[in-house]
Amino acid sequence: MYINFRHLFFSLISASILSACGGPDTAEIEAPAIDNEQEVQDYYAANPDFFSFKNISDLPTDLVWENGMHLNELGSEQATKGGTEYYQIQDFPRTLRRVGPDSNGSFRPWINDYTSLGLAHRHPDKFEFFPALAESWALDPENKTVYVKLNPDARWSDGVPVTTDDMFFMFFFYQSDYIVAPWYKNWYSSQYTNITRYDDLTFSITTPQFKPNGGSNVIGLGPVPRHFYRELGDDYVDRYQWRFQPTTGPYIVRKKDIVKGSSIVLTRLDDWWAKDNKFFKNRYNVDRIQLNVIRDTAKAFEAFKKGDIDQARLNLAEFWYDKLPNSDSDVQNGYIHKSLFYNQRPRPTYGLWMNTSKALLDNLDVRIGIQHATNWQLVIAKYFRGDYSRMQTSSDGYGEFSHPTLKAREFDIDKALEHFAKAGFIERDANGVLINADGQKLAFTLSTGYTNMQDILTILKEEALKAGLEFRVEVLDGTAGWKKVQEKQHDIHFAALNVGLEMAPRFWETYHSDNAYDDAFLEDGSVNPDRKLKMQTNNLEAMTHFEMDGLIERYRASSDKEEMKALAYKMTEIHHDYASFVPGFYQAFFRIGHWRWLRYPEFFNHKHASMARQYHVHWLDLEMREETLAAQKAGKTFAPVIRTYDQFR
């Protein structure tokens, strides 16, 4: 699926490796063969308003077809194919499934977000759509419908053609309970009202409303391989745990390339159907990508410096200025290049996520006090050395859809103490921590899955104590950290949800009570006393706000841009007042170090790229690799390359 599902945003540097704990069992389970063909057909028949079947002669004749072919190519004509790139991952993946439990981790972008194809993709410079699986598409705003013609050459990685049947099955798959993925079930059940088949390559999809975003809710979709999931059933989570789903993209994972707890390899298909496509021919240039698990941050950076890893993200000041300064011998000798690239896009939501289902955190004054006791200004000045900026809301970076005036609360000890006092915390114990009349301490576990940024939590802990607030720091590996928040076991968690290249921010996933509790409210809007906390959702704050729910539903249903903007502002204000998220920071750029043989285009990257490797425009110069390694041994040097790309600043 290409439509962005907000997932945890992992690590700011490639050298931030999280412990792998030996890795999971990668063996496929032995399960009896089943065939769900009859079940699928019965489902279509039972929902005739949603699943329609027509002939190609029924296709409207007045449609205006688009194909995005006027847009510029991506990548560089200088790119060459070949070689093995060595990279690192934070933890060994818990599954190869793309959806369901444990699927939403740091490995997911390698097999889905950045490598699989949707019908069409946002152009990373122009924001318009260019074709991927679709050959062309036509918009019918009046009837809230998008018509699509699939590229007849489109194939799954096992050679099976991509057809309309895969788009039909996509809805069966995501609407089913088998996959244990509540977000998908809600999205695909509520945001679409019909899919109509005209022939094997032509279909239309209708939505409840036609958003002012060029039909992206449809054009951004990706099919699900019908033939692969004929055994989909109650045991989906286990049956498909280590089966690699055929992809429409260039890279596959082979069983022989999965080394438990250690490494996993992506291999480029020599006969990939889109290899000569205008928008893909200069991308995905590396033959193999070997992802190695390294258990220690220092060892990961050491591996990069030794040339065992080809490129490293250097966003953190410690790595850019200290561990790989411009004066470093490998930089000055021209062996390692440093590149800083300014981008423009919505920003990952780095900050503190408070679980309001927890005792004390359900108190508004406690939450506001925590806001004022959190010194992000010092983190930015000291830890990031002033290179980063303060995030003001959880929906920054969406242009006219981001709130124009709202500001995050500043660090202010007096204001923090004022609100803590309102919550009954006035006296301090011997350690300076506030206590209430019952002797209860104002103390919370502050957890994170970012081992590379644990020093940030140390700063926040020291500063919070000045206001009588105790943070008990807990640093977990990335998988364990994500599991904790998905099960709503956290008090306060430092993390970021990734965001897609979209026109407007989303609110339902993170702030609607449907994703906090089962039946959060009674019909009159009062709290349901029997409600149960809901797991495996992105409402990490367990936020429940009856008015917010209604605004979110209006926002999702609206097709009027001005109304959507007004609603976005109002919801952002409510979220600010609810005070369950402490906005942290954002970076307006990314920085990497890469060995001389790992090449990027002259312009380096595209305007809306979130990271250097997102669009896979780099390549390996194998001759230059041999030249560089030989030069190191012989003491030969090259001109240093330290570049800033500020064309989109």
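## Strand E15 and its partners

Strand E15 and strand E24 (residues 581-583) run antiparallel, joined by three bridges. This is a predicted model.

## Salt bridges overall

Side chains of opposite charge can pair when their charged atoms come close. The model holds 33 salt bridges. One network of them links four residues: Asp 35, Glu 37, Arg 226 and Arg 230. Individual pairs follow.

## Asp 387 and Arg 591

Asp 387 and Arg 591 form a salt bridge, with 2.9 Å between the closest N and O atoms. Asp 387 sits in the loop between helix H11 (376-383) and strand E16 (389-390), while Arg 591 belongs to strand E26 (residues 589-595), so the pair ties together parts that are 204 residues apart in sequence.

The two partners fall into separate accessibility classes. Arg 591 is buried, at a relative accessible area of 2%. Asp 387 is partly exposed, with 24% relative accessibility.

## Arg 506 and Glu 502

Which residue meets Arg 506 in a salt bridge? The partner is Glu 502, and the N to O distance is 2.5 Å.

Arg 506 has a relative accessible area of 11% and is buried, because the cut-off for that class is under 20%. Glu 502 has 22% relative accessibility, so it counts as partly exposed.

## Glu 318 and Lys 323

Glu 318 pairs with Lys 323 in another salt bridge. Their closest N and O atoms are 3.6 Å apart. The pair still qualifies, because the cut-off is within 4 Å.

Are these two residues buried, partly exposed or exposed? Glu 318 is partly exposed, with a relative accessible area of 27%. Lys 323 is partly exposed too, at 34%.

Notes. Residues numbered from 1 in each chain as written. Predicted model: local features only at pLDDT ≥ 70, side-chain atom pairs only at ≥ 80, totals over all residues. Heavy atoms only, no water. Salt bridge = Lys/Arg side-chain N within 4 Å of Asp/Glu carboxyl O. Buried < 20%, exposed > 50% of the residue type's maximum accessible area, 1.4 Å probe, protein only. Helix = DSSP H or I, 4+ residues; strand = E, 2+ residues; numbered from the N terminus. Pairing = 2+ DSSP bridges.
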